[in-house]
Amino acid sequence: MDRIRESTKVPNPYHIGEICILLPKDNPDLRGKAGYWGVVNHVGQYSCTVQTWDGYYTVKIEHLKLLELLDEDCRFMQQLCLRLRRLHQVATHDEAVDWLLQGLGNQAKPYLSSLQAKLLEAVEREYKIDWKAQK
């Protein structure tokens, strides 16, 4: 596959700021990450680095599926990713936070239901995270 790609010089179709879903396929580094969505934050010749709620993953382009979203929806997902990452980085968070992060980190939709938004806001209040001030 790599030899074919190098000989055909197919350009990397992804751009910084786009939202993609991780496709683990045969990549052991992505085991358990099926369905995770993230924000492309680096574009290489044949790979991208994607920021998710729980880390950064550098993957070949065949391990990504683009979510074709409007710019406004991409901005919402970028902001949501940052909010989830801040919660994930709280050192002594309750395991219920992990459930919420898992659920929202696998839901590749550019919106939250009313209940999801309330749950996320309640957890942010609990850990004194003011995401609105940090935009």
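**Entry 1: the α2–α4 contact**

I began with the contact between two helices: Leu80, Arg83, Leu84 and Leu87 in α2 meet Leu120, Glu121, Val123 and Glu124 in α4, contact being heavy atoms within 4.5 Å. I sorted these residues into five nonpolar, no polar and three charged. For that I counted Ala, Val, Leu, Ile, Met, Phe, Trp, Tyr, Cys and Pro as nonpolar, Asp, Glu, Lys and Arg as charged, and the others, Gly among them, as polar.

A note on the source: this is a predicted model, where local features need pLDDT of at least 70 and side-chain atom pairs count only at pLDDT 80 or more, while totals for chains, interfaces and linings use all residues. Residues are numbered from 1 along each chain as its sequence is written, and side-chain values use heavy atoms, with hydrogens and water left out.

Next I looked up β3 (residues 47-52). Five of its six residues are buried, so β3 is largely enclosed by the rest of the structure; buried means under 20% relative accessible area with a 1.4 Å probe, protein chains only.

Which strand do four bridges join to β3? I found β2 (residues 37-43), and the two run antiparallel; strands pair if DSSP finds at least two bridges between them. Val39 stands opposite Gln51 in β3, and three residues lie between β2 and β3 in their hairpin.

I then turned to β4 (residues 55-60), which pairs with β3 in the antiparallel sense over six bridges. Here Val50 has Tyr57 in β4 as its bridge partner, and the hairpin of β3 and β4 has two residues between the strands.

Technical notes
Buried means under 20% relative accessible area, exposed over 50%, partly exposed in between (1.4 Å probe, protein chains only).
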